[in-house]
Amino acid sequence: MASETRSARLAVLIDADNVSARIAEGLFEDIAKIGEASVRRIYGDFSGTRLKSWADILPRHAIIPHHNVANTPGKNATDIALVIDAMDLLHSGRFDGFCLVSSDSDFTRLASRIREHGTDVYGFGERKTPESFRQACLRFIYTENLLPAAPDRDPTPETQPLPPQPKDSIPILRRAITLLDEEDGWVGLSAVGSQLGKLAPDFDPRTYGHAKLSDLVKKTGVFEVELPKGKGMRIRPKKSPKQKSAAKK
């Protein structure tokens with residue numbers, strides 16, 4: 001674990017074949033909240049034009065490219081190179097955590113192995129990322145939440161699935177509150193946030209359109225919110241009319 005005198009030292013390993021370069025800015029902003037990106041490596045076949053968008057921004061973020069050509073059709077040299085480097089870095093003992101940037105479930109075992117070693121793993125990938133990889137990470141951040149804000153557009157076409165709405169977060173929020181089990185029903189918002197991380201590594205208020213957990217909770221409309229003087233925010237589920245009536249008796 002990192003000492004209190006320095007930030008967590010992180011190794012950032014990016015699967016260029018599987019991730020859009022558009023997330024780069026948001027990616028490193030999010031990683032900076034976790035710790036220091038001491039190693040920044042990206043893996044892919046940079047000989048053609050397919051990864052030009054990544055090649056153009058590598059210097060801006062001090063990312064070191066690792067060029068890998070698939071010598072045999074059907075074999076992913078990029079994945080193998082990333083895994084080998086990850087294990088070398090892990091056994092160096094110099095890092096407090098790894099950031100694996102990919103939506104590929106092939107990295108599930110790598111994430112599990114690193115965590116078995118007692119080292120944290122933060123995954124970054126699209127919402128389509130298989131659950132196995134998401135659950136293998138201490139925390140998983142959807143790259144859709146890292147994209148730059150898009151200009152106003154026409155309403156989402158009917159053929160496009162709607163993004164998750166605040167109401168979709170209600171079940172997991174209720175579950176987190178229930179597990180904290182306070183007698184009066186009130187629980188600290190910070191404790192809820194910690195519990196959510198344990199329940200669902202991929203939980204992120206931004207997925208539901210809000211930057212902060214407090215804003216998301218308020219938007220759902222089903223939780224009471226209070227801010228005691230000198231203390232952090234507390235929340236609890238609103239009582240139904242039947243529950244209120246029973247409480248008065």
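Modeller: A salt bridge is a side-chain nitrogen of Lys or Arg within 4 Å of a carboxyl oxygen of Asp or Glu. The model is predicted, so local features need pLDDT of at least 70 and side-chain atom pairs pLDDT 80 or more, while totals for chains, interfaces and linings use all residues. Residues are numbered from 1 along each chain as its sequence is written, and side-chain values use heavy atoms, without hydrogens or water.

Colleague: How many salt bridges does the structure hold?

Modeller: There are 12 salt bridges in the structure.

Colleague: Which residue pairs with arginine 41?

Modeller: Its partner is aspartate 85, with the closest N and O atoms 3.2 Å apart. Arginine 41 lies in strand E2 (residues 35-44) and aspartate 85 in helix H3, 44 residues apart, so the pair links distant parts of the chain. Helices (H or I, at least four residues) and strands (E, at least two) are DSSP runs, numbered from the N terminus.

Colleague: Is aspartate 85 buried or exposed?

Modeller: Aspartate 85 counts as buried, because its relative accessibility is 16%; arginine 41, at 21%, is partly exposed. Buried means under 20% relative accessible area, exposed over 50%, and partly exposed in between (1.4 Å probe, protein chains only).

Colleague: And what about lysine 128 and glutamate 126?

Modeller: Their side chains form a salt bridge at 3.4 Å, N to O. Lysine 128 is exposed at 64%, whereas glutamate 126 is partly exposed at 27%.

Colleague: What distance separates arginine 234 and glutamate 226, N to O?

Modeller: The distance in that salt bridge is 2.4 Å. Arginine 234 is partly exposed at 25%, and glutamate 226 is partly exposed at 25%.

Colleague: On to networks: which residues are linked in one?

Modeller: Salt bridges join Asp30, Lys33, Asp204 and Arg206 in a network.
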